[in-house]
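Biologist: I would like to know where the words for this model come from. Please set each value against its definition.

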Amino acid sequence: MLLKKPLATLLMLAFAASAVVCAPASAAAEGTVAAAAAKAPAFDLDRDVNLALKTFDVPGIAIAIVKDGKVVATKGFGVRQLGNPAPVTDKTLFEIASNSKAFTAAGLAQLVDEGKLGWDDPVTKHLPSFQMADAYVTHTMTVRDLLVHRSGLGLGAGDLLWWPTTTFSTDEIIDRLRHVKLATSFRNNYAYDNLLYIVAGKIIAQKSGKSWEEATRERILAPLGMNGTTTNVDQMLKAADYSAPHSKINGKAAVVKPMPVQNAVGAIGIQTNAEDIAKWMQVLLNEGQLENGKQLFSAKQAREMWTQQTPIKISEPKPALAATKPNFSAYGLGFQLRDYRGRKIAMHGGALQGFYSRIVMVPEEKLGVAIFTNAENGPAMTALQWRILDNYMGAAPTDWIKVYAEQEAEMHKEELARQGKLTAARAAASRPSLPLASYNGDYNDAWYGTVSIRQEGGKQRMSFSRTPDLSGTLEHFQHDTFIVRWHERNFNADAYVTFALNPDGSIDHMKMAPVSSETDFSYDFADLSFTPVKKP
């Protein structure tokens with residue numbers, strides 16, 4: 001995603017910020033961190049959050065902190081919407097996106113406790129029509145496999161079925177999984193996906209006899225007293241206190257419209273606030289036990305959710321981030337697992353249009369931290385995450401806000417330079433092989449369906465048939481490659497559109513790829529392969 005998503009963002013946001021190599025830090029790296037620590041002021045929640053708002057151009061943030069079974073803080077900072085003075089409070093609702101995955105994992109855990117399914121049951125036992133692109137994977141995949149990102153699907157594969165808002169139903173998305181090609185062998189590789197959590201949500205609906213939304217409200221939210229939390233964006237918009245989403249357009253934060261995604265609720269369906277999320281973290285840190293002594297889910301299932309299921313490769317950090325390096329990184333059931341300063345951490349990130357969230361828990365310290373933002377900025381959350389954890393874990397303060405601001409600026413500068421080189425190297429004098437009108441028509445992809453290119457108002461327009469907002473104008477780049485500039489400029493997902501020709505000059509196929517390396521991976525254009533739809 002863009003400057004607003006510089007850490008390979010969106011639903012991988014927390015992982016990119018935390019999965020770094022555990023090799024010894026170089027002297028230069030230690031010097032950089034030591035210098036930042038030497039200048040770092042003592043932790044002050046209000047000061048730090050307000051500084052992060054200003055530094056990272058974030059309109060509003062909500063924070064929840066729990067420690068030793070008690071709520072330490074539930075606070076709001078900044079404003080719910082630019083241009084409106086209404087403040088963020090501890091009751092302000094935010095879309096938390098992929099932090100919803102833990103609720104789906106918990107819903108399945110309850111069904112396991114009730115004997116209605118087993119983690120290692122084949123998915124087809126509960127959804128007989130379920131089908132992947134490979135027959136072996138279809139029949140071997142278990143309920144557990146749905147949650148742990150090792151299916152063989154590529155990163156974000158098939159996300160364009162629900163992102164940005166599409167007209168596909170949940171059942172249509174699940175049905176089209178059979179056409180999404182696998183990128184690796186089954187259970188061989190970690191690659192974050194969303195589609196299989198949609199399947200998991202469908203299983204909850206099927207086994208409970210209620211929709212995912214109803215089951216989650218009745219079986220999790222109500223017992224916890226999470227009374228402000230909603231499972232539908234339309235419900236959120238009817239609440240008295242909710243935040244507006246913000247994206248950067250031309251480098252400046254701006255209000256954008258919410259992104260309803262009711263076809264993907266098992267992956268991203270929750271909207272909540274600081275007050276309610278504190279209750280959720282408390283029950284997780286208490287192994288599923290409620291204040292009244294009853295179990296929301298058993299301690300056995302709580303431990304299973306925080307047990308390593310799929311190893312995650314650890315990448316080399318920038319020198320200034322050496323102190324954040326883990327010794328292990330893995331995915332559990334709805335949580336990423338890693339360590340920090342000798343303690344195990346269970347965490348997750350979430351991202352949707354205009355919202356980012358982060359939940360981090362340190363079981364040994366009985367510590368939980370939730371950070372919600374109404375902007376698309378990972379470094380703001382990550383800097384605050386480490387500031388808060390350092391304080392409660394007794395570490396010397398580091399000026400993480402300064403460190404991450406510098407990293408964000410450096411990474412964006414590098415991306416602009418990369419794009420500049422590509423533009424400078426293009427064959428600017430080249431022309432398309434065919435008259436522009438010859439590229440017009442309908443093109444079909446096996447799992448997404450149809451996109452069209454039409455001449456409108458003297459320009460060529462590309463439109464995705466099932467995604468109302470995914471419409472843009474084609475500009476010639478070089479040879480038979482164009483760039484589609486989406487009309488919704490906050491997407492930051494402009495893409496190359498390249499046509500391949502047959503020997504007779506007709507179009508054989510069309511491929512797409514993001515222009516920017518900062519484009520969110522859920523714009524999985526590279527997984528699409530379009531062929532012209534023959535006219536009757």
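Biologist: What makes the crossing of α3 and α14 right-handed?
Modeller: A crossing is right-handed if the near helix is turned clockwise from the far one by less than a right angle, and left-handed if anticlockwise. α3 passes α14 in the right-handed way. The contact (heavy atoms within 4.5 Å) includes Leu45 and Phe56 of α3 and Leu384 and Ile388 of α14. By class, it has 8 nonpolar, no polar and 3 charged residues.

Biologist: Why are α3 and α14 called roughly antiparallel?
Modeller: Angles run from 0 to 180 degrees between N-to-C directions, along axes fitted to C-alpha atoms over the stretch in contact. Under 35 degrees is roughly parallel, over 145 roughly antiparallel, 65 to 115 roughly perpendicular, and the rest oblique. Helix α3 (residues 45-56) and helix α14 (residues 378-392) pack at about 160°. Therefore they are roughly antiparallel. Their axes lie 10 Å apart.

Biologist: What should I know about the model itself?
Modeller: This is a predicted model, where local features need pLDDT of at least 70, side-chain atom pairs count only at pLDDT 80 or more, and totals for chains, interfaces and linings use all residues. Residues are numbered from 1 along each chain as its sequence is written, and side-chain values use heavy atoms, with hydrogens and water left out.

Biologist: How do you know that β14 and β15 pair?
Modeller: Two strands pair if DSSP finds at least two bridges between them. Strand β14 (residues 441-445) and strand β15 (residues 449-456) have 5 bridges, in the antiparallel sense. Therefore they meet the definition. Gly441 stands opposite Ile453 in β15. The two strands form a hairpin with 3 residues between them.

Biologist: How many bridges join β15 and β16?
Modeller: Those strands pair over 6 bridges, again antiparallel. Glu456 stands opposite Lys459 in β16. In this hairpin, with 2 residues between the strands, Gly457 takes a positive phi near 60°.

Biologist: Why is Arg144 called buried?
Modeller: Buried means under 20% relative accessible area, exposed over 50%, partly exposed in between (1.4 Å probe, protein chains only). Arg144 has 10%, so it is buried. Arg144 lies in the loop between α6 and α7. Its contacts beyond four places in sequence include Trp119 and Glu304.

Biologist: Is His149 buried or exposed?
Modeller: His149 has 0% relative accessible area, so it is buried. Its phi is near 60°, positive in a residue other than glycine.

Biologist: What makes Asn492 partly exposed?
Modeller: Its relative accessibility is 27%, so Asn492 counts as partly exposed. Asn492 has a positive phi of about 45°, although it is not a glycine.

Notes:
Helices (H or I, at least four residues) and strands (E, at least two) are DSSP runs, numbered from the N terminus. Ala, Val, Leu, Ile, Met, Phe, Trp, Tyr, Cys and Pro count as nonpolar, Asp, Glu, Lys and Arg as charged, and the others, Gly among them, as polar.
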